[in-house]
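Here are my notes on the model, point by point. Please read them with the coordinates open.

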Amino acid sequence: ALESRLLKMAPPTALLRQFDRRYQALRDRADAELAAVDRVDDDDRVYRIRSVDQVLETARRMLEEAQVVVLVDAVPDPLEALRDAIEDATGRGVTVGVKGYEPMSLTGATVVVGSNAASVRDRWPGQWLNLVADGGRYLVALLRNGQGGVIQAVWTECPYLAWVYQSAFSSEVILAAMDAKLAGGASLDELRRTRQDLAALKAITAPGYRSILRRINDNGHEYRGG
């Protein structure tokens, strides 16, 4: 026997409320899963880089993605290879501090050449490129002269390691600037102004530092500042 059924259309407002509930449930689930992915994707590993091209490409990418501050310690050849990337970064408002080993003009960047630059070059005959971006990722590379390849190069996004390097490196750049001023007979007031002018290199609100605090807070500890 055939059964007859009577279908009644639900009011449009009821259907819309139902769709809204389903959409919100799906969105809540997606938000939770994306949050979990963000925690899983924190990558604290240190990677070895084996070619000069990869070293330079990694440095360019770090400069392109930087938001607040980049510190560079490099001899002239790698610096020249990164000139466009450095000047693009400063053009976006990123603070770039460079510890160089001979005078070089990089638009928008602060270039510091220490009074001991020549003796450092004598002790280290290779080519080096060390870079830390936003206190959250760093690259350390020692290259052979000419086209000799990579002696050693590593890169990481571990925020704690990067922040330790950021803190030490920013202090080293400031010290090199003050040392150069002292060698030129600067007064105490000039030294104080130099230190104040370069204080932005410390970048205590950089993304890498905030990432460390997020991890601390995620583990249930309260940060009280310092």
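1. L161 sits in helix 6; helices (H or I, at least four residues) and strands (E, at least two) are DSSP runs numbered from the N terminus. With 36% relative accessibility, L161 is partly exposed. Buried means under 20% relative accessible area, exposed over 50%, and partly exposed in between (1.4 Å probe, protein chains only).

2. This is a predicted model: local features need pLDDT of at least 70, side-chain atom pairs count only at pLDDT 80 or more, and totals for chains, interfaces and linings use all residues. Residues are numbered from 1 along each chain as its sequence is written, and side-chain values use heavy atoms, with hydrogens and water left out.

3. L161 belongs to a nonpolar surface patch of about 380 Å², together with V46, Y160 and V164. Helix 6 (residues 159-183) contributes the most, three residues. Patches take residues with over 30% relative accessible area and no salt bridge; like charges are joined within 9 Å, nonpolar side chains (Val, Leu, Ile, Met, Phe, Trp, Tyr) within 5 Å. Areas come from the Shrake-Rupley method with a 1.4 Å probe, and for residues only the protein chains shown count as cover.

4. V46 also has a bridge partner, T156 in strand 7. Strand 1 (residues 46-48) and strand 7 run antiparallel and are joined by three bridges. Strand 6 and strand 7 are antiparallel too, with six bridges. There, A141 faces A153 of strand 7. Strands pair if DSSP finds at least two bridges between them.

5. Which residues touch the most other members of the largest nonpolar core? They are V55, V70 and L129, in a core of 30 residues. Helix 2 (52-65), strand 2 (69-74), helix 4 (83-91), strand 3 (95-100), strand 5 (127-133), strand 6 (137-143) and strand 7 (150-156) each supply at least two residues. Helix 2 has the largest share, five residues. Apart from this core lies another, of 19 residues, including L71, Y138, L201 and A206. A nonpolar core is a set of buried Ala, Val, Leu, Ile, Met, Phe, Trp, Tyr and Cys residues joined through side-chain atoms within 4.5 Å.

6. Take V55 on its own. Beyond neighbours within four places in sequence, V55 contacts I49, L129, L139, A141, L143, V150 and A153. Contact means heavy atoms within 4.5 Å.

7. T194 lies in helix 7 (residues 188-197). T194 is buried, at 10% relative accessibility.

8. R215 is partly exposed at 24%, and D44 is partly exposed at 36%.

9. R137 and E65 form another salt bridge (2.5 Å, N to O). This pair links strand 6 and helix 2, 72 residues apart. R137 is buried at 19%; E65 is partly exposed at 43%. E65, R137 and E157 make up a salt-bridge network.

10. K99 and E172 form a salt bridge, with their closest N and O atoms 2.4 Å apart. K99 is in strand 3 and E172 in helix 6, so the pair ties together parts 73 residues apart in sequence. K99 is buried at 11%, while E172 is partly exposed at 35%.

Methods: Salt bridge = Lys/Arg side-chain N within 4 Å of Asp/Glu carboxyl O.
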